[in-house]
Amino acid sequence: MKRAIYPATFDPITNGHVDIAARAAQLFDELIVGVYDRPMKSLLFPIEERLEMTREALAHLKNVQIKSYSGLTVNFAKEQGAGYIVRGLRALSDFEWELQLSLANHKLEPDIDTVCLMASQEYSFLSSSILREIAMNGGPIEDLAPPVVVKALRKKAMVDEDGHSRIQIVSVRD
Ligand code: ADP
């Protein structure tokens, strides 16, 4: 039985991630989506929310489980009994980073191989950070993220960086 992990930060999950997970789920008998707990970058959503949104967004994929993890990705793969790490490639710029990552992981754990899937054309520009940027500026995100994420980002966009509401209550006299 072939089991793979698809590790990412998912801050938050986009339709590009969903596309890669759905295609990987067809290639492998079991796919474990790993939501990375503590990346070395600032986050918009805490781990519980990223996990919950990822669960809801991928609920339609029957051979897919969603788990959070911390520490080395290869250790998570080993713990899960997975022989493969799935990653997505959007552009040439992704390739260099993904190659470096896969070589580092191979050095750490030679038995685990990395499988890269090409991004679908419609999502090849999409990243979590671009999605957040559009959302925080009130742009249309319905085609870019699952409904649960659209809702959560809309809610976040209602408050500014200091936690103050951006909604202005205007009283209208009749
Ligand atoms: P990380 O912090 O691990 O890079 P990301 O959530 O940014 O986490 O991305 C994880 C993986 O998903 C990477 O392999 C990335 O290239 C891939 N990915 C992200 N967005 C897309 C997309 N729109 N289409 C295909 N793959 C994507």
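**Pockets and ligand site**

In this predicted model, 43 residues line the largest pocket, and those nearest its centre are Ala8, Thr9, Lys41, Arg87 and Trp97. The ligand sits in this largest pocket. A second largest pocket has a volume of about 210 Å³.

**Largest pocket**

- The space in the largest pocket comes to about 1,100 Å³.
- Two or more lining residues come from each of E1, H1, E4, H4 and helix H5 (128-136).
- H4 provides the largest share of this lining, 8 residues.
- Sorted by class, the lining of the largest pocket has 20 nonpolar, 14 polar and 9 charged residues.

**Shell around the ligand**

- The ligand is surrounded by 16 residues, and the closest are Thr9, His17, Lys41, Gly88 and Tyr123.
- Thr9 and Lys41, listed here among the closest to the ligand, are also among the residues nearest the centre of the largest pocket.
- Strand E1 (3-8), helix H1 (15-27), strand E4 (84-89) and helix H4 (92-108) are the elements that give two or more residues to the shell.
- H1 gives the most to the shell, with 3 residues, whereas the largest share of the lining of the largest pocket comes from H4.
- The shell has 7 nonpolar, 4 polar and 5 charged residues.

- An N or O atom in the side chain of tyrosine 6 is 2.9 Å from an oxygen atom of the ligand.
- Histidine 17 places a polar side-chain atom 2.8 Å from an oxygen atom of the ligand.
- For leucine 126, a backbone N or O atom lies 2.9 Å from a nitrogen atom of the ligand.

**Second largest pocket**

- Helix H2 (47-57) and helix H6 (147-157) each supply at least two residues of the lining.
- H6 gives the most to the lining of the second largest pocket, with 5 residues.
- The lining of the second largest pocket has 5 nonpolar and 5 charged residues, and no polar ones.

Notes:
Residues numbered from 1 in each chain as written. Predicted model: local features only at pLDDT ≥ 70, side-chain atom pairs only at ≥ 80, totals over all residues. Heavy atoms only, no water. Near = heavy atom within 4 Å. Polar contact = N/O pair within 3.5 Å; in protein donor to acceptor, adjacent residues only side chain to side chain. 1 Å grid on protein atoms, 1.4 Å probe; cavity = no way out; pocket = protein on both sides within 12 Å on 5 of 7 lines; lining within 4 Å. Sits in = over half its atoms within 2 Å of the grid points. Helix = DSSP H or I, 4+ residues; strand = E, 2+ residues; numbered from the N terminus. Nonpolar A, V, L, I, M, F, W, Y, C, P; charged D, E, K, R; others polar. Points joined across faces, edges and corners; volume = space filled by probe spheres on them.
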